[in-house]
Amino acid sequence: AAGARQRRGAFIVFEGLDRSGKSTQVARLVQQLNERGVKAVAARFPDRTLTTGKMIDSYLSQKADLDDRAIHLLFSANRWERANQILEDLNRGTTVVCDRYAFSGIAFSAIKGLSWSWCRAPDIGLPAPDLVLFLRISPSAAQSRGGFGDERYEKTEVQQRVKGAFKRLGESVEEGKWVELEADRGVDEVGQEVLRRVEEVLQGAGMDKEVGKLWT
Ligand code: TMP
Ligand code: MG
């Protein structure tokens with residue numbers, strides 16, 4: 001029909017604590033979608049290959065110290081550096097599966113005492129996810145999965161507080177767009193539930209609409 005547009009891809013975001021299995025599920029989902037003939041690509045934040053990503057990497061690996069606000073804005077700028085690419089992929093019909101997004105941005109900064117609204121502001125208007133899959137795991141179960149590395153934030157006490165911040169974030173996201181999945185299970189078990197949720201989104205009416213703008 002006149003004016004009919006091709007259905008766009010879905011923007012799927014995984015969130016959760018460090019070691020909750022996000023990267024594994026992102027790779028698995030992209031592969032399964034491709035096998036089913038659905039075009040899909042992976043993305044991740046922080047994207048350490050970008051200009052801002054290099055600075056973020058030295059901060060996380062504790063080679064550099066930065067003011068809490070400066071690092072917060074760098075994480076946001078890192079998303080803005082990729083935002084147009086994500087939008088183009090979605091509009092070309094490609095599904096984008098992303099490992100962390102602005103929710104991590106708020107959670108990890110808010111626990112340092114920065115206000116919620118200040119943390120949220122720089123990400124306003126970014127491409128909005130169609131679905132956030134929050135992989136729920138206790139900080140102790142996460143730690144027992146091969147342990148944390150030496151990066152900043154990879155400490156049980158920090159993860160505990162971040163978990164609380166994520167809980168509050170989930171409550172603020174539009175109904176049905178934030179789904180919590182029990183992650184303390186086998187990869188395949190979690191993966192099956194992930195695929196089912198994503199297929200629902202791909203078949204839904206949302207793919208005929210424009211990509212939303214975060215928090216607007
Ligand atoms: P990664 O382990 O997924 O590469 O993420 C590195 C760390 O960066 C992780 O502890 C979460 C944190 N982070 C933020 O503090 N702000 C952000 O905006 C993002 C995306 C991650
Ligand atoms: Mg990590």
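Predicted model: local features only at pLDDT ≥ 70, side-chain atom pairs only at ≥ 80, totals over all residues.
I take helices (H or I, at least four residues) and strands (E, at least two) as DSSP runs, numbered from the N terminus. Residues are numbered from 1 along each chain as its sequence is written, and chains are lettered from A and ligands numbered from 1 in the order in which they are written.

**Entry 1**

I looked up R19 in the loop between β1 and α1. Its phi is near 75°, a positive value in a residue other than glycine. For burial I count other C-beta atoms, placed from the backbone, within 10 Å of a residue's own: 20 or more is buried, 12 or fewer exposed, and in between partly exposed. R19 counts as buried, because 22 C-beta neighbours lie inside 10 Å.

W215, in the segment after α8, also has a positive phi in a residue other than glycine, near 60°. W215 is partly exposed, with 14 other C-beta atoms within 10 Å.

I then noted a cis peptide bond between F45 and P46, with omega about 0°. P46 is placed in the loop between β2 (40-44) and α2.

**Entry 2: the core and α4**

I define a nonpolar core as a set of buried Ala, Val, Leu, Ile, Met, Phe, Trp, Tyr and Cys residues joined through C-beta atoms within 7 Å. The largest has 45 residues, and F11, I12, V97, C98, F103, A107 and L133 have the most contacts inside it. Helix α4 (residues 102-110) gives the most to this core, with 6 residues.

I checked how enclosed α4 is: 9 of its 9 residues are buried, so the helix is largely enclosed by the rest of the structure. I count two residues as in contact if their C-beta atoms, placed from the backbone, lie within 7 Å. The buried residues of α4 pack against β1 (11-16), α3, α5 (116-120), β4 (131-136) and α7. Leaving out residues up to four places away in sequence, F103 touches E15, V132, F166 and L169.

**Entry 3: helix pairs**

I fitted axes as lines to C-alpha atoms, for helices over the stretch in contact, with angles from 0 to 180 degrees between N-to-C directions. Helix α1 (residues 22-35) and helix α8 (residues 187-203) pack at about 55°, with their axes 10 Å apart. This makes α1 oblique to α8; angles under 35 degrees count as roughly parallel, over 145 as roughly antiparallel, 65 to 115 as roughly perpendicular and the rest as oblique. T24, Q25, R28, L29 and Q32 of α1 make the contact with V187, V190, G191, V194, L195 and V198 of α8.

Helix α2 (residues 51-60) and helix α3 (residues 68-91) pack at an angle of about 145°, with axes 9 Å apart. In α2, T52, G53, M55, I56 and Y59 meet I71, L74, F75, A77, N78 and E81 of α3.

**Entry 4: loop residues**

I found G149 in the loop between α6 (139-144) and α7 (156-172). G149 is exposed, with 10 other C-beta atoms within 10 Å. G149 and D18 are 131 residues apart in sequence and 9.9 Å apart in space, C-alpha to C-alpha.

S138 lies in the loop between β4 and α6, and is partly exposed, with 16 other C-beta atoms within 10 Å. From S138 to D184 I read 46 residues in sequence and 8.1 Å in space, C-alpha to C-alpha.
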